[in-house]
Amino acid sequence: MTDRILLAARNNALWCDAVARSHGVVCTTDSVAWTASTRTPPYYPDAVTLSPEAGEYDVLARVDDSDGCSVKDSWSRLDLSTEDFARIVVGEWVWLDPSVPLAPAPAPTWQRLTTPHEMAAWVRAWASDPDAEAILRPSLLEEPGVAFLAQRATEDPQSPVVAGAIVNVTAEVAGLGNVFTLDGDVERAWSAAAAAARDVADGLPLVGWEAGASVAAAVAAGCERIGPLSVWLK
């Protein structure tokens, strides 16, 4: 399981890296962790562990560990409570083999977005936070391997976005994240997003992480749970 968690964690770290770099944050990646030199945008960690052997101080020595610092503990093995961090999320890494059949994608079909205008509509549907458009910037559309996917209310390309996801293709896997739907049917959305992501992934396994009810939705779509992770916040 460790090898698959490493692939999933590294894929996720590279997505965090793309978002951080779009804000001018200098980042470093090695065999121990991905880390950001300064505070990252909201919803994104300042560090992601890339080894099950990473220790608390291996990570904290590389980041600004003042209040607001967050760490994604990819194997859920760290104890940062002595440094005034709280474990705010416990989630699961998930893995979907290309051989696993998926339910037929519902209509309207999902589309890959290509313009800043389309991306802005996607972000508004994804988050009610009015600052969300400042977090996910249009430059991400030009990031190699990154695809924003959306389902609209109808086949009309101008109709509202009602569901979406982000795919990040790296060397051996394709990350599937930020899956959302406005109708509340997370299970249906995860299955449909996975089907749409396969068109981008070109035969690679899909990986990601979820928490709460979204874990069950990913498993219902055909994913396998491969291990826990935690997110810590100071």
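1. Strands, as the word is used in this note, are DSSP runs of type E with at least two residues, numbered from the N terminus. In this predicted model, Thr 49 is found in strand E3, which covers residues 47–49. Thr 49 is buried, because its relative accessible area of 1% falls under the 20% cut-off. Leaving aside residues up to four places away in sequence, Thr 49 touches Ala 9, Val 32, Ala 33, Ala 54, Val 59, Lys 72, Asp 73, Ser 74, Trp 75 and Leu 78.

2. As to the overall fold, the protein has six helices and eleven strands. Its radius of gyration is 17 Å, close to the 17 Å that the globule rule gives for 234 residues, so the protein is as compact as a globular protein of that length. Taken along the principal axes, the C-alpha atoms fill a box of roughly 50 × 35 × 30 Å. Of the 234 residues, 50% count as buried, and among contacts with a separation of 6 or more, 65% come from residues 24 or more positions apart. The protein exposes about 10,300 Å², of which carbon and sulfur atoms supply 53%.

3. Strand E7, residues 146–152, deserves a separate look, since seven of its seven residues are buried. Which residues cover the two sides of E7? Val 146, Phe 148, Ala 150 and Arg 152 lie on one side, while Ala 147, Leu 149 and Gln 151 lie on the other, and all are buried. E7 pairs with E6 in the antiparallel sense over three bridges, and in E7 Leu 149 stands opposite Arg 112. E7 also pairs with strand E8, residues 161–169, in the antiparallel sense over seven bridges, with Arg 152 standing opposite Val 161 in E8.

4. The buried residues of helix H3 are Met 119, Ala 120, Ala 121, Trp 122, Val 123 and Ala 125. These buried residues pack against helix H4 (132–135) and against E7, E8 and E9, and Trp 122, one of them, counts as buried because its relative accessibility is 0%.

5. Turning to the aromatic residues, the count comes to six aromatic pairs. Trp 122 and Phe 180 form an edge-to-face pair, with 5.2 Å centre to centre and 85° between the planes. This pair links distant parts of the chain, since Trp 122 is in helix H3 (residues 116–126) and Phe 180 is in strand E9 (residues 174–181), 58 residues apart. Phe 180 is buried as well, with a relative accessible area of 9%. Ring pairs link Trp 15, Tyr 43, Tyr 44, Trp 122, Trp 126, Phe 148 and Phe 180 into a cluster, and this cluster includes Phe 148, which is also one of the buried residues of E7.

6. A charged residue also sits over an aromatic ring: Arg 4 lies over the face of Trp 95, at 5.2 Å from the ring centre.

7. Is Ser 99 buried or exposed? Ser 99 counts as exposed, because its relative accessibility is 65% and the cut-off for that class is over 50%. Ser 99 lies in the loop between strand E5 (86–96) and strand E6 (110–112).

How values were computed:
Residues are numbered from 1 along each chain as its sequence is written. This is a predicted model: local features need pLDDT of at least 70, side-chain atom pairs count only at pLDDT 80 or more; totals for chains, interfaces and linings use all residues. Side-chain values use heavy atoms; hydrogens and water are left out. Helices (H or I, at least four residues) and strands (E, at least two) are DSSP runs, numbered from the N terminus. Buried means under 20% relative accessible area, exposed over 50%, partly exposed in between (1.4 Å probe, protein chains only). Two strands pair if DSSP finds at least two bridges between them. Rings of Phe, Tyr and Trp (its six-membered ring) pair if their centres lie within 6.5 Å; planes under 30 degrees apart count as stacked, over 60 as edge-to-face and the rest as tilted. A charge sits over a ring if NZ of Lys or CZ of Arg is within 6 Å of the ring centre and within 35 degrees of the ring normal. Contact means heavy atoms within 4.5 Å. The radius of gyration is taken over C-alpha atoms; the globule rule is 2.2 Å times the number of residues to the power 0.38. Accessible areas come from the Shrake-Rupley method with a 1.4 Å probe; for residues, only the protein chains shown count as cover.
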